[in-house]
Amino acid sequence: MRSPIDSYLADLYADLLSLTSGTPYQGIPAMANADPSKFAIAMATVDGHVYQVGDAEMEFTIQSISKPFSYALALDDIGLEAVDEKIDVEPSGDAFNEISLARDSGRPANAMINAGAIATISLIRDTDAPRFERILGHFSAAAGRKLELSDSIYASEALTGHRNRALAHLLRSFDIIETDPTPVLEDYFRACSVMVNTQDLAMMAATLANGGTQPRTGVQAMSKEAVQRTLSVMTTCGMYDDAGAWISAVGLPAKSGVGGGLIAVLPGQIGLAIYSPALDAHGSSVRGVAASERISADMGLHFVRAARLGRSVIRDHYDITDAPSYTRHSDAANRLLAECGERAHIIELAGDLLFAGTESMVREVSGLEPSVELVILDLRRVDEIDRIAVQMIHQLGRELEAEGRTLALVQEKDFEPLESLRCFPSRNDAVEWAETTLLQRHGSDDLVPSEVAVCDFAALAPLDAADIALLESLMEESRIEDGRIIRRPGQEFGGVYFILSGKVVTSTLQNGKPVRHATLSAGMTFGEIALGGEGEQTTRVTSVGRLHLKVLSAASIAKLEADDPGTALRFWKAVARDAYTRVEANIKDSNFPLH
């Protein structure tokens with residue numbers, strides 16, 4: 001089944017294709033002719049799943065998106081204090097290539113502008129291995145695959161990077177760079193010339209979102225302390241002179257690059273990447289900014305709203321054979337449910353349904369086998385449902401319906417935006433619906449009868465026609481409205497009740513609250529259990545909908561015992577056998593694991 005998230009990204013992609021403003025970066029000749037029609041969006045979760053649309057596998061150079069990852073490597077190499085001595089953490093308010101150096105110390109304003117990024121490269125160790133080899137290995141570890149350098153882009157950058165050379169020599173004059181700046185500058189050009197695709201960038205962003213651990217490989221690419229500082233600087237400085245507008249509109253730590261790439265990070269939840277080479281006046285991808293704004297708004301990703309861990313909200317997942325309803329079915333119906341019960345699945349959710357948690361649930365449902373016809377989401381332990389979660393659940397319902405499948409919800413407290421979907425107040429009610437649906441779809445009509453004659457009751461099967469006719473002649477007919485209490489705990493034995501049509505539920509009070517025990521429908525009996533124990537009714541019996549009964553009262557049974565003890569004995573044997581079968585089934589059901 002197609003995920004609603006895939007559908008959303010496809011619609012967004014199609015919508016933003018019409019956005020054609022901006023121009024590819026002209027400052028590097030080898031990049032000046034980039035095709036502005038190319039466009040891709042990729043979103044990676046902290047457990048390594050990637051959603052993507054468009055030209056997501058097309059490679060381009062990482063450019064300034066390299067800066068956060070180089071910065072994190074320097075922080076891990078020499079520590080925060082040593083890095084802070086050389087590079088500040090203040091927004092510059094200037095374009096990416098401005099000369100933003102402190103007058104007295106020569107410190108660059110931050111590591112996201114070119115001056116700070118060049119200084120960052122100088123702080124990366126090169127004693128154990130060549131510096132760029134370590135940088136490339138670091139980028140590759142975050143991406144989860146081996147990345148390569150573009151020699152042609154590097155040559156073009158080195159040939160035209162006069163302003164960056166000037167910055168490097170200025171940094172050397174202040175002893176921010178303490179050695180010959182030329183090798184440092186060459187490694188900076190190389191770092192910007194690493195080839196990536198949009199999927200790589202999404203995984204690199206997800207590595208930052210995941211506290212520095214690459215989601216797929218499990219490699220700790222950078223420390224949590226380095227990630228914390230890097231994301232902080234990205235938040236205030238990653239989008240250069242557009243940082244204030246960005247954080248207000250999008251609300252995510254981000255970094256753009258003149259190659260057309262852009263990444264954004266929701267810590268603990270997702271990494272977002274967009275590629276489109278046409279840039280705005282700030283040097284950021286036009287479509288990248290527009291897509292980020294839309295995704296953040298539509299999915300509720302702004303850090304003010306979504307600053308919570310993106311752990312899975314799935315508490316448990318099982319099919320209905322692991323948690324059957326309290327409804328008594330015939331032996332034939334039970335056999336069929338044992339065979340096809342895996343066609344109905346229950347997914348229990350807990351906590352807050354924000355984007356990341358809902359995404360994990362949607363992915364779980366999308367991955368179900370095509371044979372699963374009914375999906376029940378148990379929301380009883382859900383505290384809050386975000387707007388994007390509501391949209392995703394509705395879309396999930398539509399996607400399932402398009403495949404001939406059905407989504408249902410269990411809600412003890414109603415989430416109003418979900419009321420239009422099929423909802424049940426308890427899991428038992430939902431499972432009862434699922435069982436009935438499967439029996440109707442895969443069995444014969446007699447497995448879920450709407451009306452049963454007395455002669456067809458399973459409880460009376462051992463008796464012959466004459467015995468049954470005699471019993472029926474002694475019965476009283478009764479029609480009862482919905483919600484009526486028919487039997488109460490403590491009442492003396494009142495007879496055996498035969499349900500011709502409709503349903504009843506049996507329940508007891510526990511800590512002042514009713515607890516349902518069983519649902520009985522046409523063809524079933526109740527009342528006879530009161531003969532056990534102290535001879536009193538132990539449960540409350542309540543009608544569900546209109547109910548049609550025939551009752552063999554206690555007085556009628558006493559008359560039968562006096563007038564025809566043989567028939568009475570055969571009747572009680574049949575009732576005892578049926579009651580024993582039910583008790584045995586209840587013991588068997590009690591062995592199912594509690595969910």
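The largest cavity in this structure holds about 30 Å³ of space, and the model in which it is found is a predicted one. With a threshold of 30 Å³ or more, the count comes to 1 cavity, while the count of aromatic pairs comes to 9. The points below take up the cavity, then the aromatic rings, and then a sheet of strands.

**The largest cavity**

- The residues that line the largest cavity are Ser66, Lys67, Ser70, Ala117, Ile121, Tyr188 and Ala191.
- Three helices, namely α2 (66-78), α4 (114-123) and α8 (181-192), each contribute at least two residues to this lining, and α2 provides the largest share of it, with 3 residues.
- Sorted by class, the lining of the largest cavity consists of 4 nonpolar residues, 2 polar residues and 1 charged residue.

**Aromatic rings**

- Among the 9 aromatic pairs is the one formed by Tyr13 and Phe39, which is stacked, with 4.9 Å from centre to centre and 15 degrees between the planes of the rings.
- This pair connects distant parts of the chain, since Tyr13 belongs to helix α1 (residues 4-16) whereas Phe39 lies in the loop between α1 and β1 (40-45), and the two are 26 residues apart.
- Tyr13 and Phe39 are both buried, and the ring of Phe39 also has the charged end of Arg287 sitting over it, at 5.2 Å from the ring centre.
- Another aromatic pair, made by Phe424 and Trp433, is tilted, with the ring centres 5.4 Å apart and an angle of 35 degrees between the planes; here too, Phe424 and Trp433 are both buried.
- Elsewhere, Phe493, Phe571 and Trp572 are linked into a cluster by ring pairs.

**A sheet of three strands**

- An open sheet is formed by 3 strands, which follow the order β3-β5-β4 and pair in antiparallel fashion.
- At the edges of this sheet are β3 (60-61) and β4 (148-149), each of which pairs on one side only.
- Strand β4 is joined by 2 bridges to strand β5 (residues 194-196), and the two run antiparallel; across this pairing, Glu148 stands opposite Met195 in β5.

Terms used: Residues numbered from 1 in each chain as written. Predicted model: local features only at pLDDT ≥ 70, side-chain atom pairs only at ≥ 80, totals over all residues. Heavy atoms only, no water. Phe/Tyr/Trp six-rings, centres within 6.5 Å; stacked < 30°, edge-to-face > 60°. Helix = DSSP H or I, 4+ residues; strand = E, 2+ residues; numbered from the N terminus. Buried < 20%, exposed > 50% of the residue type's maximum accessible area, 1.4 Å probe, protein only. Lys NZ or Arg CZ within 6 Å of the ring centre and 35° of its normal. 1 Å grid on protein atoms, 1.4 Å probe; cavity = no way out; pocket = protein on both sides within 12 Å on 5 of 7 lines; lining within 4 Å. Points joined across faces, edges and corners; volume = space filled by probe spheres on them. Nonpolar A, V, L, I, M, F, W, Y, C, P; charged D, E, K, R; others polar. Pairing = 2+ DSSP bridges.
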